[in-house]
Amino acid sequence: MSEYLSKEVREGLELARKAGLKKRSRLRVRAGDATYPVLRMWDTGFALDSDDTAHLRGLVDVFDGTKHLYQALIVASQFEDHEVQFEFKRSTAAADKAPLDYDRPDDAPIALLPR
């Protein structure tokens with residue numbers, strides 16, 4: 001079917017598809033002060049629009065709306081059809097509190113009160 005469409009129509013359809021993916025996705029990647037909408041995401045990486053993205057690599061933060069999901073170390077792995085695919089070298093889930101250095105027993109008191 002794509003043989004019957006003119007080049008301009010195919011480019012218009014591709015732009016509309018990318019705009020729909022950007023609008024529908026709540027996922028964002030933040031690197032420094034710049035924020036990029038995520039087109040697709042999978043277990044080991046994600047894809048961004050190649051027009052918006054300069055050569056991005058290093059430490060980034062991944063957000064779903066305002067919720068911080070991951071802090072990740074990324075590297076560009078593949079350029080394909082107006083999108084850049086990035087792979088996680090390391091991905092750490094964001095937590096709202098610091099991890100404990102020890103295992104707390106289930107029946108341990110929360111605090112000790114003086115007599």
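Tutor: Buried means under 20% relative accessible area, exposed means over 50%, and partly exposed lies in between (1.4 Å probe, protein chains only). This is a predicted model, in which local features need pLDDT of at least 70 and side-chain atom pairs count only at pLDDT 80 or more, while totals for chains, interfaces and linings use all residues. Residues are numbered from 1 along each chain as its sequence is written, and side-chain values use heavy atoms, with hydrogens and water left out.

Student: Which pattern does the protein follow along the sequence?

Tutor: Helices (H or I, at least four residues) and strands (E, at least two) are DSSP runs, numbered from the N terminus. The protein has 1 helix and 6 strands. Read in sequence order, they give α-β-β-β-β-β-β.

Student: How many salt bridges does a search of the whole structure find?

Tutor: A salt bridge places a side-chain nitrogen of Lys or Arg within 4 Å of a carboxyl oxygen of Asp or Glu. Arg26 and Asp64 form one of them, at 3.2 Å from N to O. The search finds 2.

Student: Is Glu83 buried or exposed?

Tutor: The side chain of Glu83 meets that of Arg40 in a salt bridge of 2.4 Å, N to O. This pair links strand β2 (residues 34-42), which holds Arg40, to strand β6 (residues 83-93), which holds Glu83, 43 residues apart. Arg40 has a relative accessible area of 36% and is therefore partly exposed. Glu83 has a relative accessible area of 7%, so Glu83 is buried.
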